[in-house]
Amino acid sequence: MTNHDREPTTNRRGLLGLATIGLGATVGGVIAAPVAGSLLAPVTRRETFRPVPLGPVHAFNREDGFAPIAAAYVEDPAQPLVSQGLAYVHYTGGSDHDWLAAGAMFVVFSNRCTHVGCPAQSTSIGFACPCHGSQFDQRGGRTAGPAPRPLDRFQWEIRRDHHLWITQRWSVLLDGDHVRYFPVKPPGEPLTGQVPAADALYPAITYSHGPAPKPR
Ligand code: FES
């Protein structure tokens with residue numbers, strides 16, 4: 001057999017190879033495009049937290065020991081079903097109205113478990129989630145179970161109406177005696193900077209924030 005005899009076969013193989021590559025690229029593109037699209041998707045949802053009153057201050061400053069008071073709230077009266085929540089107000093015994101001060105009067109926790117969002121309940125030693133057993137201490141730090149991070153906290157202030165208001169929501173990490181604040185993340189997601197590139201994989205952010213407060 002001469003080289004001339006083989007040439008058409010080689011060309012056919014080349015054409016078949018090119019066709020295969022082309023088909024592969026097409027299939028790959030069909031599969032890869034949505035994946036890339038999801039990875040490159042912009043932040044899915046940014047909302048502004050609407051400050052909401054929890055009740056008069058005197059309703060929250062009589063706690064004895066660790067017995068945070070549950071306060072239901074509705075962030076958007078026009079959409080009560082999707083904007084309701086429950087905060088746990090812990091009176092520290094302090095008197096400072098600055099929520100970041102060492103002697104801050106209150107710590108206000110979210111009851112949303114950071115695993116998949118079940119309602120955590122307060123106990124005498126912290127908080128417990130009934131769904132999969134996560135436990136949190138009196139600072140909201142995770143002590144057991146699958147929850148990946150501490151309970152979220154609310155920024156708060158006492159307004160002229162003498163009511164306690166929550167004005168922002170933060171995810172937190174506890175760093176010794178300090179609390180580090182992060183833009184709030186939905187349950188199950190790591191915090192910004194906690195896992196490299198995680199923001200691209202978990203793009204949803206529920207609230208827009210100003211700069212995160214610095215630990216004091
Ligand atoms: S939702 Fe709380 S432990 Fe799973």
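## Strands and confidence

Strands here are DSSP runs of E, at least two residues long, numbered from the N terminus. The model is predicted. Its chain has 216 residues. The secondary structure comes to three helices and 13 strands.

The average pLDDT is 79, and 68% of the residues score at least 70. Residues 1-43 stay under 50. For that stretch the model has five contacts beyond four places in sequence. Where pLDDT is low, the predicted coordinates should not be read in detail.

## The β10-β11 hairpin

Start with strand β10, residues 153-158. Together with β11, strand β10 forms a hairpin, with four residues between the two strands. Strand β11 covers residues 163-175. The two strands run antiparallel and are joined by six bridges. One point to find on screen is E157, which stands opposite W165 in β11.

Now look at the turn. H162 lies in the loop between β10 and β11. Its phi is positive, about 60°, although H162 is not a glycine. Is H162 buried or exposed? H162 has 9 other C-beta atoms within 10 Å, so it counts as exposed.

## β10 and β5

Strand β10 also pairs with β5, residues 106-110. Two bridges join them, and the strands run antiparallel. Here V108 has F154 in β10 as its bridge partner.

## A four-strand sheet

Another part of the chain forms an open sheet. Its four strands come in the order β6-β7-β8-β9, with antiparallel pairing. Which strands stand at the edges? They are β6 (121-123) and β9 (142-144). Each has a single partner strand, so one side of each is left without a neighbour in the sheet.

Strands β7 and β8 pair with each other over two bridges. Strand β7 spans residues 126-128, and β8 spans residues 135-136. In this pair, A128 stands opposite Q135 in β8.

## The nonpolar cores

In soluble globular proteins, nonpolar side chains tend to be buried together. In this chain, 23% of the residues count as buried. The largest nonpolar core has 23 residues. Those with the most contacts inside this core are A87, V89, F106, V108 and W156. Strands β4, β5, β10 and β11 each supply at least two of the core residues. The largest share is four residues, and that share comes from β5. Apart from this core lies another, of five residues, including W170, V172, V179 and Y181.

What does A87 touch beyond its neighbours within four places in sequence? Its contacts are L54, A71, Y73, V108, F109, S110, F154 and I166.

## H90 in strand β4

H90 sits in strand β4, residues 84-91. Why does H90 count as buried? There are 20 C-beta neighbours inside 10 Å of H90, so it meets the cut-off of 20 or more.

Leave aside the neighbours within four places in sequence. H90 is then in contact with E63, F66, P68, F106, V107 and F109.

Take the contacts between residues at least 6 apart in sequence. Of these, 44% join residues at least 24 apart.

Conventions
Residues numbered from 1 in each chain as written. Predicted model: local features only at pLDDT ≥ 70, side-chain atom pairs only at ≥ 80, totals over all residues. Pairing = 2+ DSSP bridges. pLDDT = per-residue confidence, 0-100. Contact = placed C-beta atoms within 7 Å. Buried ≥ 20, exposed ≤ 12 C-beta atoms within 10 Å, placed from the backbone. Core = buried A, V, L, I, M, F, W, Y, C linked by C-beta atoms within 7 Å.
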